[in-house]
Amino acid sequence: GGFDVKGVTAFFFVLYFLMATQDIAVDGWALTMLSKKNRGKGPVCNSIGQNLGYFLAFVGFLALNDPDSSEKLWRPLLRLKSNPGKGLVSLGGFIRSMGGLMIGLTTFVAIFKRENRADANANAIEISKSPNENDDDDEDAEIDAAEIGLRETYRRLWAVCKLPAVRLLFVILLTNRFPTALSDKVKFLKAVEFGLSKQTTALLAPTIILPLGIAVPIIAAKIFKGNPLGQFMTAYKLRVTLVPLFDIIMLLAVRSLKDATEFSSMAIFWAAVVGSTALFSIVESMQFNAQMVFFAHRVDPAIGGTYMTLLNTAANLGGTWPASVVMYMVGQMSVPPTCESVNGSEICSGGRESYFPLQAIFSVLGCTWVYFMGSKVKHLADLPDEAWRTHQDDDDIGTDVETTKRRKRGKKAR
């Protein structure tokens, strides 16, 4: 039968819905587990964990799905019966096994991890009574959405959206990825179109992307300690200047030297591919880590998980909407060459490639964004924590304090 587009769409909708729901819980959990001074370490763990997971899933699947590797390495190693021409695992089998592993880990956490809400509420009351006595833990406990109700949760979320600091952050998150969308979404597609093999792209993941994804957040945290938005802007300036230049060099090398056999030509080819991939991985990891550290330090812990989800949603939307626009622009501005068969070989002529002029335009657009929005980013970095708080729960905590006092007086009277 044909490809079931509707079925695949429904599958991924449900999959991403469940993943996003769990992501909300993990964001809130990290905020409640880590003290304020250690919240910057949460995004580092997040970045390292994502890169490790990406490596194990992507490279692991390719290794186990490859028929030659399965026949020569994995089956003899695992003492399995020979089955030439067939990989050790299929795509369906791999997805089922990873899904089962995820369900198992989630169930393990649900059964064996307990959170003492009473202690958290008591801690919030103690903090509200003497805020200056708890410098390391001067935060309110996170409010349980199940206790305040769906309507109240969204009312608090809307109050967050009305904060001037959050509105400005939304503008930054929704616009900063448009000038970089060509490198983010189209570069490797264009490289494959120019002749870069899928084996080469698969090789880049374990050799370049994974090590940099682990090392860069750790190194950047030490260099830009306490200044995540400074790290963000440094990476962004590189992303709209050097990254486009390296990408163009890489694509030209792929188009011209993909079949080269001379050592010098092969050296140029691999230097261009590795250099472009490495620089992109560095700046992407720096920006992602800086963004997550800033979110973790600025959100109101009273609605921490919900707040983090709101900011992450804006960041994700800012990274996804440009893709459709940019791909449409590339498709509309490109003209395919006219090809004909001459003496058994295909000869193509004419056509227009839109990637290179568009990359120059987007690079200028990115520099313009830095010029106009750089001061806005610095303004956000200088804002105090109070600028990010709604204080919607102050009255609730005050009521909890009075309730606790009345209970204690009642016990003494009895």
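Reader: Is F178 buried or exposed, going by its relative accessibility?
Author: The model is a predicted one. In it, F178 has a relative accessibility of 18%. Buried means under 20% relative accessible area, so F178 counts as buried.

Reader: How many aromatic pairs does the structure hold, and which kind of pair do F178 and W321 form?
Author: The structure holds 13 aromatic pairs. F178 and W321 form one of them, at 5.4 Å centre to centre and with 10 degrees between the planes. Planes under 30 degrees apart count as stacked, so the pair of F178 and W321 is stacked.

Reader: How many residues apart in sequence are the parts that the pair of F178 and W321 ties together?
Author: F178 lies in the loop between α8 (164-175) and α9, while W321 belongs to helix α14 (residues 304-333). The pair therefore ties together parts whose separation in sequence is 143 residues.

Reader: Where does W321 stand in accessibility: buried, partly exposed or exposed?
Author: W321 has a relative accessible area of 35%. The partly exposed class lies between the 20% limit for buried and the 50% limit for exposed. W321 is therefore partly exposed.

Reader: Which kind of pair do the rings of F178 and F362 form?
Author: The ring centres of F178 and F362 are 5.2 Å apart, and their planes stand at 50 degrees. Stacked applies under 30 degrees and edge-to-face over 60. The pair of F178 and F362 is therefore tilted.

Reader: What is the relative accessible area of F362, and in which helix does F362 lie?
Author: F362 is buried, with a relative accessible area of 3%. Its pair with F178, in the loop between α8 and α9, ties together parts that are 184 residues apart in sequence. The helix that holds F362 is α15 (residues 355-382).

Reader: What is the orientation of α9 and α12 to each other?
Author: The axes of helix α9 (residues 181-194) and helix α12 (residues 242-257) come within 9 Å and cross at roughly 15 degrees. The crossing is left-handed. Angles under 35 degrees count as roughly parallel, so α9 and α12 are roughly parallel to each other.

Reader: How do the residues of the contact of α9 with α12 divide into nonpolar, polar and charged?
Author: From α9, the contact is made by S183, K187, K190, A191 and F194. From α12, V243, P244, D247, M250, L251, V254 and R255 take part. These residues divide into seven nonpolar, one polar and four charged.

Reader: What percentage of the residues of the chain count as buried?
Author: The chain has 16 helices and two strands. Among its contacts between residues at least 6 apart in sequence, 77% join residues at least 24 apart. Of the 414 residues of the chain, the part that counts as buried is 36%.

Technical notes. Residues numbered from 1 in each chain as written. Predicted model: local features only at pLDDT ≥ 70, side-chain atom pairs only at ≥ 80, totals over all residues. Heavy atoms only, no water. Axes fitted to C-alpha atoms, helices over the stretch in contact; angles between N-to-C directions. Helix = DSSP H or I, 4+ residues; strand = E, 2+ residues; numbered from the N terminus. Parallel < 35°, antiparallel > 145°, perpendicular 65-115°, else oblique. Left-handed = near helix turned anticlockwise from the far one by under 90°. Contact = heavy atoms within 4.5 Å. Nonpolar A, V, L, I, M, F, W, Y, C, P; charged D, E, K, R; others polar. Phe/Tyr/Trp six-rings, centres within 6.5 Å; stacked < 30°, edge-to-face > 60°. Buried < 20%, exposed > 50% of the residue type's maximum accessible area, 1.4 Å probe, protein only.
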